[in-house]
Amino acid sequence: MNITSCMKDDFTITDIETMGKNIISDVTNIPGSVATLHEKIIAESKYIFPVDEYFEGDSTTVHAAAGGVVSEIGNNSDIGKYIVIRHGNEAETIYGNLKEVNCTLNKNVKQGETIGLYERNPEKNFIYSLNYFD
């Protein structure tokens, strides 16, 4: 129902009471929606970007975006040398196309801790992915 239709219709007291209850119901749900959005913003702010995007020179250190456990280290044709860090039951971060890996499997790492080295390469950009679990 829009404002124009409200202006044209004749409403009974019951209609107005029903509209009032619907408005109260909608307004009551707003705090839950805001809380959910706030939780998402806080969660995302827990993760730092793992490299200096504007680094000079040929290479830069790669840092853990947040504290967690190194759950996988490998090398494949898609993302080269890579590291996966699991951040509890919330998320995991993936760091790829690394020149060096400076951590070990199952190691606890802290946010900002050096975990690898990325060397500038026009054919292979640094890969970083933050994946939330459902």
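What percentage of the 134 residues in the protein is buried? Buried residues make up 25% of them. Buried means under 20% relative accessible area, exposed means over 50%, and partly exposed lies in between (1.4 Å probe, protein chains only).

This is a predicted model, in which local features need pLDDT of at least 70, side-chain atom pairs count only at pLDDT 80 or more, and totals for chains, interfaces and linings use all residues. Residues are numbered from 1 along each chain as its sequence is written, and side-chain values use heavy atoms, with hydrogens and water left out.

**Exercise 1. List the elements of the protein in chain order.**

Step 1. Helices (H or I, at least four residues) and strands (E, at least two) are DSSP runs, numbered from the N terminus.

Step 2. Count. The protein has two helices and eight strands.

Step 3. Read from the N terminus. The order is α-α-β-β-β-β-β-β-β-β.

**Exercise 2. Work out the strand order of the five-strand sheet.**

Step 1. Two strands pair if DSSP finds at least two bridges between them.

Step 2. Write the order. The open sheet runs S6-S2-S3-S4-S8, and its pairing is antiparallel.

Step 3. Find the edges. Strand S6 (108-109) and S8 each have a single partner strand, so one side of each is left without a neighbour in the sheet.

Step 4. Check one pair. Strand S2 (residues 68-76) and S6 run antiparallel and are joined by two bridges. Val-69 stands opposite Asn-108 in S6.

**Exercise 3. Describe the surroundings of Asn-75.**

Step 1. Asn-75 belongs to strand S2.

Step 2. Judge its cover. Asn-75 has a relative accessible area of 56%, so this residue is exposed.

Step 3. Look for contacts (heavy atoms within 4.5 Å). Leaving aside neighbours within four places in sequence, Asn-75 is in contact with Gly-80, Lys-81 and Tyr-82.

Step 4. Take one C-alpha distance. Asn-75 and Gly-96 are 21 residues apart along the chain, and their C-alpha atoms are separated by 8.8 Å.

**Exercise 4. Work out the order of the three-strand sheet.**

Step 1. Write the order. This open sheet is S1-S7-S5, with antiparallel pairing.

Step 2. Find the edges. S1 and strand S5 (100-101) each have a single partner strand, so one side of each lacks a neighbour in the sheet.

Step 3. Check one pair. Five bridges join S1 and S7 in the antiparallel sense. Ser-59 stands opposite Glu-119 in S7.

**Exercise 5. Classify two of the aromatic pairs: Tyr-47 with Tyr-132, and Phe-49 with Tyr-128.**

Step 1. Set the rule. Rings of Phe, Tyr and Trp (its six-membered ring) pair if their centres lie within 6.5 Å; planes under 30 degrees apart count as stacked, over 60 as edge-to-face and the rest as tilted. The count comes to five aromatic pairs by this rule.

Step 2. The ring centres of Tyr-47 and Tyr-132 are 6.2 Å apart and the planes are at 90 degrees, so the pair is edge-to-face.

Step 3. Locate that pair. Tyr-47 is in the loop between helix H2 (13-45) and strand S1 (59-63), and Tyr-132 is in strand S8 (residues 127-132), 85 residues apart. Tyr-47, at 10% relative accessibility, counts as buried. Tyr-132, at 35%, counts as partly exposed.

Step 4. Phe-49 lies in the loop between H2 and S1 and Tyr-128 in strand S8, so the pair ties together parts 79 residues apart in sequence.

Step 5. Ring pairs link Phe-49, Tyr-95 and Tyr-128 into a cluster.
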